[in-house]
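Look at the sequence and the fold before reading on.

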Amino acid sequence: MEGLSWRTVCCLSVLCAVLFLRPAEGIRFVIDREECFSHNVEYEGDTVHVSFVVIKADTPWHYSEEGVDLVVKDPNGAQVRDSRDKTSDKFEFIVQKRGVHRFCFTNKSPYHETIDFDVHVGHFSYFEQHAKDEHFAPLFEQIGKLDEALYNIQFEQHWLEAQTDRQAILNENMSRRAVHKALFESAALIAASVIQVYLLRRLFERKLGTSRV
């Protein structure tokens, strides 16, 4: 029993290390027309969580809700999921065939777009085969569920942060356009006033010249 307890402590330590050191897969990239990424899924039946947000365009004057297309294909090249004409999306799917999956983005806009992309594979391992004492099996099961739940929270937080970044950039661009529009309208108003003054002066000069004759 003591040996089993020591082995249990070691397993718990490894699980805690995995829990806190497992890296996220989120990336941020610039797309022109098409960009593809690959991710290896080792087990059938795993749940793949996917999210993306179109953060900004390469010009502050461009604002569009056209969005981008995302197509997910399995190792055989068959389409398993797609998202069309969206500026942001979040979905999940069950892996039917293990292997390298491809995630291809297509940008329909004439401008370069910055996209925040995140993918996470949820895999739950069963530890009954590693623990000889049946009382430890539920413990390992709960630790595995806790690990997945915490990473799902990180996944959701990453998506919300990307949404916040997108909204902040849009608000900044809209404020900049509003300031430029106000300056342009002011300049146009001043130019119109100058032209009116000039035309009125010419009109009075002609009238004065006519009256003198």
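Buried means under 20% relative accessible area, exposed means over 50%, and partly exposed lies in between. These cut-offs are applied below to a predicted model.

## The disulfide

A search of the whole structure finds 1 disulfide. The bond joins cysteine 36 to cysteine 104, with an S to S distance of 2.1 Å. The pair links distant parts of the chain, 68 residues apart. Cysteine 36 sits in strand E2 (residues 34-41), and cysteine 104 sits in strand E7 (residues 99-107). The link is right-handed, with 115° about the S-S bond.

Are the two cysteines buried or exposed? Cysteine 36 has a relative accessible area of 26%, so cysteine 36 is partly exposed. Cysteine 104 has 13%, so cysteine 104 is buried.

## Strand pairing around E7

Strand E7 pairs with E2 in the antiparallel sense, over 8 bridges. Within that pairing, glutamate 34 has threonine 106 of E7 as its bridge partner.

E7 also pairs with E4. That pairing is antiparallel too and runs over 6 bridges. Here valine 68 has asparagine 107 of E7 as its bridge partner.

## The nonpolar core

In soluble globular proteins, nonpolar side chains tend to be buried together. In this model, the largest nonpolar core has 20 residues. Val48, Val50, Phe103, Phe105 and Phe117 have the most contacts inside this core. Several strands give two or more residues to the core: E1 (27-31), E2, E3 (47-57), E4 (68-73), E6 (88-94), E7 and E8 (113-122).

Which residues does phenylalanine 103 contact beyond its neighbours within four places in sequence? Among them are Val48, Val50 and Phe117. The list also includes Leu70, Val71, Val72, Phe93 and Val119.

## Histidine 101

Histidine 101 is found in strand E7. Its relative accessibility is 2%, so histidine 101 counts as buried. A polar atom of the histidine 101 side chain lies 3.2 Å from the backbone oxygen of glycine 99.

Residues up to four places away in sequence aside, histidine 101 touches Phe37, Ser38, His39 and Val41, among others. Other residues touched by histidine 101 include Lys73, Asp74, Pro75, Phe93 and Val95.

How values were computed. Residues are numbered from 1 along each chain as its sequence is written. This is a predicted model: local features need pLDDT of at least 70, side-chain atom pairs count only at pLDDT 80 or more; totals for chains, interfaces and linings use all residues. Side-chain values use heavy atoms; hydrogens and water are left out. A disulfide is a pair of cysteine sulfur atoms within 2.5 Å. Helices (H or I, at least four residues) and strands (E, at least two) are DSSP runs, numbered from the N terminus. Buried means under 20% relative accessible area, exposed over 50%, partly exposed in between (1.4 Å probe, protein chains only). A nonpolar core is a set of buried Ala, Val, Leu, Ile, Met, Phe, Trp, Tyr and Cys residues joined through side-chain atoms within 4.5 Å. Contact means heavy atoms within 4.5 Å. A polar contact is a pair of N or O atoms within 3.5 Å; within protein, one must be able to donate a hydrogen and the other to accept it, and residues adjacent in sequence count only if both atoms are side-chain atoms. Two strands pair if DSSP finds at least two bridges between them.
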